[in-house]
Amino acid sequence: MSEKKQEGSDGIDWSRYPSADFFDEMITAKGNARAASRKIVKLLADLSREELESRRVAAERTVRDMGVSFTVYSDGENIDRTWPFDLIPRVISAAEWENTANGLKQRVKALNMFINDVYHKQQIFKDGVLPVYLIKDSKNFRPECVGINPPKGVWAHICGCDLVRDADGKFYVLEDNLRVPSGVAYMLENREVSKRVLPEFFESNDILPVDDYSTKLFNMLASVSPRRVRQPEIVILTPGIYNSAYFEHAYLAQQLGVELVEGSDLFVDNDDCVYRKSISGLERVDVIYRRIDDLFLDPEAFHPDSILGVAGLMRAWRAGNVALVNAPGAGVADDKVVYAYVPKMIEYYLGEEAILPNVETYLCDDPEQLKYVLANIEKLVVKPANESGGYGMMVGPHASKKDHEEFRKLVAENPRNYIAQPTLKLSTAPVLTAPGEAEPRHLDLRPFVLQGKDLDVTTGGLTRVALVKGSLVVNSSQGGGSKDTWIVAERGKKS
């Protein structure tokens, strides 16, 4: 039923919500609330503008009081900014999410099998399923990892898969993040903010919880410990306070009850074991959840001038004396060219069809596809194979002719380093733009998949939203914001 304006209310007037040529996740093209969103749509219509504004201000104050921030690098400076949070949640039905979660588990399982194959028999290349140049030309292939067998055969223990909806309303995988995926702390903090400013919605079991993530993360880390001890020593290794994700590093250490350490806090002894220096002496470390890129992990194995890592760490890992999460070398599958072949990986390793489709992708190293990309660059999104955070990409319809020509040159000179995709009609959801007013903005979703002894997917994930009207860029570092993600159970079902 259409959400009409209530008598005596001056909250959001959904009859004035703009109808656009996009799939809106809360309001249909006919102006009706989608089934899973009906309760929140009605509340936002029934609240007065004063009350709605009061809750928005309370959300901003809560974010500041909780110290939720992120770092932007600008003109050589590190600028801390308060996390941009939109009060209106993103709502997904539990039935739809169950299928999505199954697709994510399938995908991450196949990706881990692929990484393990890459560093061992490389059978998928020998069988001609994937071209071997994917490895020969990969910036993230680590020869130092060949022959290593990490615990449980898992390389990418934590994966952040970015999902988008297109005009058909279906979820598509946009990319996989398997090196040091970030953002889960903001997912958890978004929920805390929502509970404080929209408490009436959490009195029932309709909204499935996310606050068990920290427990599941701890259990996963403990499950890959090389020592069978009752309480393995787990640490989070951070580059330090100037890293853009330092808030998350500190937050997760606090939530898990483990030590947050820098490289100088650890050392590898003559027994090829890792130890942490503490006021009570030396503590052997079993598991390192590292938030440092491969090449800075160990100056013995990689960049000799790195002061962020720990000398000898690769020796200790190769000897089986410490678990590294995510494992070095996992980034070989974190490549936008490799991404295009994931459905084939799923079929090859699991004998199944991919539950979640990829976005259509053009591989620029293929002569015919390169010809198409160069001729149609104004219509396409062009991405470098190994960048993240929205950097180095070009959105053709929003770019200048100068940008088009620059990217034609870049792609032609190094086609292996680029892919292209159609400019998606990314789904939208309402954001508050003024007291009592909402407008649609584009958004994506980053769920997090844990794999150790067990395989688990977060209930929802981090929703990022483009706060600038018409923008497709959702990254916080480039003007994006965030929403709480509600997975809503069907009536009568409990979490």
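Biologist: What percentage of the 495 residues in the protein is buried?

Modeller: Buried means under 20% relative accessible area, with a 1.4 Å probe and protein chains only. Here buried residues make up 54% of the 495. One caution: this is a predicted model, where local features need pLDDT of at least 70, side-chain atom pairs count only at pLDDT 80 or more, and totals for chains, interfaces and linings use all residues. Residues are numbered from 1 along each chain as its sequence is written, and side-chain values use heavy atoms, leaving out hydrogens and water.

Biologist: Which residues have the most contacts inside the largest nonpolar core?

Modeller: A nonpolar core is a set of buried Ala, Val, Leu, Ile, Met, Phe, Trp, Tyr and Cys residues joined through side-chain atoms within 4.5 Å. The largest one here has 78 residues, and Phe114, Ile115, Trp155, Val274, Ile288, Trp317 and Met345 have the most contacts inside it. Helix α3, residues 94-118, gives the most to this core, with 10 residues; helices are DSSP runs of H or I, at least four residues, numbered from the N terminus.

Biologist: What does Met345 touch?

Modeller: Contact means heavy atoms within 4.5 Å. Leaving aside residues up to four places away in sequence, Met345 touches Ala110, Leu111, Phe114, Ile124, Leu130, Val338 and Leu350. There is also a second, separate core of 58 residues, which includes Ala59, Val224, Val325 and Leu450.

Biologist: And how far apart in sequence are contacting residues?

Modeller: Among contacts between residues at least 6 apart in sequence, 69% join residues at least 24 apart.

Notes. Buried means under 20% relative accessible area, exposed over 50%, partly exposed in between (1.4 Å probe, protein chains only). Helices (H or I, at least four residues) and strands (E, at least two) are DSSP runs, numbered from the N terminus.
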